[in-house]
Amino acid sequence: MTRRTALTSRVGAIVVVVVAIGLLPWLSGRDPALSVLRARSAEQEPTPEAIGAVRAELGLDAGPVQLLGRWLGNAVRGDLGRSWTSGAEVLPSVLAAAGASLTLMAAALLIAVLIAVALCAPTLVRGARGTLRSGGTGVAASALAALPEFLLATLLMLALSVWLRWLPPYGWEGPRHLILPALALALPAGGILGRLVDDALPAVFAERWVSLWRSAGCTPARIAAAAVRRAVPAVVPQLGLVAVGLTGGAVAVETVFAVPGIGRTALGAAESQDLPLLQGSVLALVLLGVIAGLLAQAARRYLLGPGLRDEVLSLPVQPASTRRMPHVPPAICAALLAVVIGWGLFLDPLHLDTTARLAAPSWTHPLGTDSLGRDVLARLGHGAAATAGVAVIVCAFSYAVALVAGFLPGVTVGASETANAVPPVIAGILVAAVLGPGTLSASVAVALVSWPPLAAHAAALVQETRAAGYLTAQRAIGSSPGWILTRHVLPAVAGPVARHAVLRLPGIALALASLGFLGLGSQPPAPEWGSSLAESLPYVERAPWAALAPAVALLVLAALAVSLSTLQTPRGARSAVLQGIRG
């Protein structure tokens, strides 16, 4: 029944997304024939006769329901139709774009895994030798995770292509063209994966089997290998979601480097309202999400072995933190943000000074000015509410949805995989088509696609906790399901997922910034961090301070989020058991 429910969920989620994409031109309230006519020839006069000819050619008079049904019937036979704008067959275009994105994804995922290994290697070595006190990659990993892909891609292109001339700046002609976009995607993904593994390793090394193996004379290398096998299963679902996220969420990177990937293809099709190409592209993204989810689940079951089936898993016990000054890092980060934002709030973010365009930092303008002569510090301070404040609200919503989805994995697995396979940009296009571009539509779009990583983490923890041996004993002595849920399962899941949600906060802020960067979020002249980055990137070589100011603010926000998430070290399942016994 669980497998049947999961299959139904996946199929239902795919149908919902395809139907939503199919109805996009009608949801937007615009005439799709007019959009297609303008995409084909911007010079042609949109006369009623010309628009009528386009409508008759595409069969738009039949209505959206019949058009969608006809497309689905042809898709079952392997025919995705022809592009409305170019007249070319959709299937070859989708396959070519998916191949480019899969190649880019594979390279970026390999680099991300190497980065994650480098980040958690110190913790792994110290834990295997018995000298571990606490993990130490939080700031570095959060800094990597907070790097905006669009800014990182532009900086890499400027540094390694324009200035040093080591690599080609754009194109898709050989392996050398793969390096820069793969790096731009891999650095944030590697930071997320490395932080998650590093966060799980101390709990693993505190388990009793580690001391027993060490007393039996096992080598540190063997202990480290076993610890990795023990810690990785809870992160494997994240690896699958990150993998498909690299494919579908790289629209900005593919745009910067002119990579003909599936994300860029979907964005172009949505902008031109090329419905058949958009449907085929999103369908490919959704299928990639489903396949990645299935592979991640199979890998996790293989790593856990029969312990998951036989309900004899022992849960990790996180040791108490031994740091002496845990409040110093978040206090420093919070103070920096408070000073910069508070100072900027006293300045006018919309004041134009054409005589001070792209001015360097000075006493008058501490962080310089942008291309229109507006004070960067003022725009940074006033943009904090639009970026950080909205990100907190979206993060709280994602956390609440993830907890519910974690306890209903069979019902929500399809929606989770589908939501993760749809890039925030595509979700932004869909929501903006109904609500119009702005802060509200960007927030709704990011909220719709930001909960799957948290839900996958929660589902993994729920499954492992329910398979623990001590819960079998609790059931045997007559404990009610409600008591087990509230006293054992929920405490073991809520804390780690909350810390993961805090870790995702910079990523949510970056998603909002990316929508603003592409014109789908806050509209000019609003001082939103993403739009400020977009406006400053063309001048980054002449005035880097205008682009680096919001980027550094996001990095400090990331460091604050991770340091706050590690202030209260989780006590693990054993403490939850003791609380339950005392209750």
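Entry 1. I began with helix α6 (residues 90–129) and helix α11 (residues 220–231), whose axes come within 8 Å and cross at roughly 120°. I am working on a predicted model. Angles of 65 to 115 degrees would count as roughly perpendicular, and those over 145 as roughly antiparallel. α6 and α11 are therefore oblique to each other. I also looked up the hand of this crossing, and α6 and α11 cross in a right-handed way.

Next I listed the residues that touch. From α6 come Leu124, Ala128 and Arg129. From α11 come Pro220, Ile223, Ala224 and Val228. I sorted the residues of this contact by class: six are nonpolar, one is charged and none is polar.

Entry 2. I stayed with α6 and turned to helix α9 (residues 176–205). How do the axes of α6 and α9 cross? They come within 6 Å, and the crossing angle is roughly 30°. An angle under 35 degrees counts as roughly parallel, so α6 and α9 are roughly parallel to each other. The crossing of α6 with α9 is right-handed. I then noted the classes in this contact: 24 nonpolar residues, six polar and one charged.

Which residues of α18 and α25 meet? On the α18 side I found Arg379, Leu380, Gly383, Ala384 and Thr387. On the α25 side I found Trp529, Ser532 and Glu535. The classes in this contact are three nonpolar, three polar and two charged residues.

Entry 3. I stepped back to the whole chain. How many helices and strands does the chain have? I read off 27 helices and zero strands. The chain has 583 residues, and 52% of them count as buried.

The chain exposes about 25,600 Å². Carbon and sulfur atoms supply 67% of that area.

Entry 4. Last, I looked up how far apart in sequence the contacting residues lie.

How values were computed. Residues numbered from 1 in each chain as written. Predicted model: local features only at pLDDT ≥ 70, side-chain atom pairs only at ≥ 80, totals over all residues. Heavy atoms only, no water. Axes fitted to C-alpha atoms, helices over the stretch in contact; angles between N-to-C directions. Helix = DSSP H or I, 4+ residues; strand = E, 2+ residues; numbered from the N terminus. Left-handed = near helix turned anticlockwise from the far one by under 90°. Contact = heavy atoms within 4.5 Å. Nonpolar A, V, L, I, M, F, W, Y, C, P; charged D, E, K, R; others polar. Buried < 20%, exposed > 50% of the residue type's maximum accessible area, 1.4 Å probe, protein only. Areas by Shrake-Rupley, 256 points an atom, 1.4 Å probe, with all protein chains shown as cover.
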